[in-house]
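Subject: Handover of a structure and notes on it

Dear colleague,

Please find below the structure that I am handing over to you. My notes on it follow directly after.

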Amino acid sequence: MSPNITSILLIYTGGTIGMIENPETGALENFNLEQLKKHVPELQNFTFHIDTYQFDPPMDSSDMDPEAWRKLVHIISDHYDRYTGFVILHGTDTMAYTASALSFMLEGLSKPVILTGSQLPIGVLRTDGKENLLTSLEIASARDAKGNPLVPEVCIFFENHLMRGNRTIKMNAENFNAFNYPVLAEAGIHIKYNNVQIRFKEVERELKPHYLLDTNVAVLKLFPGIQENVVSSILSIEGLKAVVLETYGSGNAPRKEWFIRRLRNACEQGIVIVNVTQCSAGTVEMERYETGYQLMQAGVVCGYDST
């Protein structure tokens, strides 16, 4: 298919958005393109071509794992030249993890990869899935006057907000507005793009997909009164390669001698420790306070605003 002709690949991995209620039994059934067209007739109004790819069987997002991420990267890489954009339908629970992983696995990406989902099945009267799907398709197909995509990166679109994939967290299990972070675009009567925030590449690069992932990673969340044996147990896990250290505020942690020593020893052994904040917004600034500065001296890496 010519790159000048807009075309989107819609990938269904699983999740609530693809569940359609059977009117006779009331049971929720998995994604079917013909049923989707029936419940979302607006799909016919798009002037560009839409193809679909479906995980078989569909995955609940709580089962999402690196193997599924590799599968998604293969799908996108194998079809990269045929489509101008990609939309991934995904369960909300681990959507932010998948979006973050894909943003690093799809090095050199120059086309939109938009993840979306819903809190209610698309066949339900008050579903948020229809608008999320339609707007995601519109964003994935949007190009400027020169034919360049308006959003050439991995993003999440949810409840009128387009967010960077590796800067997004699920904040709410009940509200339609389930995710948070400064937006790249906002959908109202018109879709307003925040071009200052969108990541455009100055030099065109070829897509370089990555498939090798190391899962020897642990998360260490600090809490007041954390004991040395807890920290020691995590840092001494056999084969451990990296730790995500969830600290307080702008990257602060206890100044206890044993704590700093344990971190320093782990870093010297080659374990990568990345400092991210427990807060739902904000950034890690390790030079701001002495508590954060001590971590930096111990060899801990600043995660800035990564999630």
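To begin with the cysteines, the structure holds zero disulfides, a disulfide being a pair of cysteine sulfur atoms within 2.5 Å. Cys155 is buried, at a relative accessible area of 0%, and Cys267 also counts as buried, at 17%. Here and below, buried means under 20% relative accessible area, exposed over 50%, and partly exposed in between, with a 1.4 Å probe and protein chains only.

Residues are numbered from 1 along each chain as its sequence is written, and side-chain values use heavy atoms, with hydrogens and water left out.

Confidence

The average pLDDT of the chain is 87, and 89% of the residues score at least 70; pLDDT is the predictor's confidence in each residue, from 0 to 100. Over residues 172–176 the pLDDT stays under 50, and the model has twelve contacts for them beyond four places in sequence. A contact means heavy atoms within 4.5 Å. Where pLDDT is low, the predicted coordinates should not be read in detail.

Overall organisation

The chain contains seven helices and 18 strands. These are DSSP runs numbered from the N terminus, with helices (H or I) of at least four residues and strands (E) of at least two. Of its 307 residues, 47% count as buried. Among contacts with a separation of 6 or more, 71% join residues 24 or more positions apart. The chain exposes about 15,800 Å², of which carbon and sulfur atoms supply 49%; accessible areas come from the Shrake-Rupley method with a 1.4 Å probe, and for residues only the protein chains shown count as cover.

The nonpolar cores

A nonpolar core is a set of buried Ala, Val, Leu, Ile, Met, Phe, Trp, Tyr and Cys residues joined through side-chain atoms within 4.5 Å. The largest has 30 residues, of which Leu106, Val113 and Leu115 touch the most other members. At least two residues of this core come from each of strand S1 (7–12), helix H2 (66–78), strand S5 (85–89), helix H3 (95–105), strand S7 (113–116) and strand S8 (154–158). A second, separate core of 27 residues includes Tyr12, Leu43, Leu137 and Leu162.

Met95, Ala99 and Leu102 are among its buried residues.

Individual residues

Thr135 lies in helix H4 (residues 129–141) and is buried, with a relative accessible area of 10%. Its side chain reaches the backbone oxygen of Glu131 at 2.9 Å. Leaving aside neighbours within four places in sequence, Thr135 is in contact with Phe157, Ala187 and Ile191.

Ser250 is in the loop between strand S16 (242–247) and helix H6 (257–268). Ser250 is likewise buried, at 10% relative accessible area. Apart from residues up to four places away in sequence, Ser250 touches Thr283, Val284, Glu285, Met286, Arg288 and Tyr289.

Val272, in strand S17 (residues 272–277), is partly exposed at 42%. Val272 and Ala242 are 30 residues apart in sequence, yet their C-alpha atoms are 4.5 Å apart in space. Beyond four places in sequence, the contacts of Val272 are Lys241, Ala242, Val243 and Val301.

Backbone features

Most residues other than glycine have a negative phi, and most peptide bonds are trans. The peptide bond from Asp56 to Pro57 is cis, with omega near 0°, and Pro57 lies in the loop between strand S4 (49–54) and H2. Glu159, in the loop between S8 and strand S9 (161–164), has a positive phi near 45° and is partly exposed at 27% relative accessibility. Tyr304, in the segment after strand S18 (301–302), has a positive phi near 50° and is partly exposed, with a relative accessible area of 49%.

With kind regards

Terms used
This is a predicted model: local features need pLDDT of at least 70, side-chain atom pairs count only at pLDDT 80 or more; totals for chains, interfaces and linings use all residues. A polar contact is a pair of N or O atoms within 3.5 Å; within protein, one must be able to donate a hydrogen and the other to accept it, and residues adjacent in sequence count only if both atoms are side-chain atoms.
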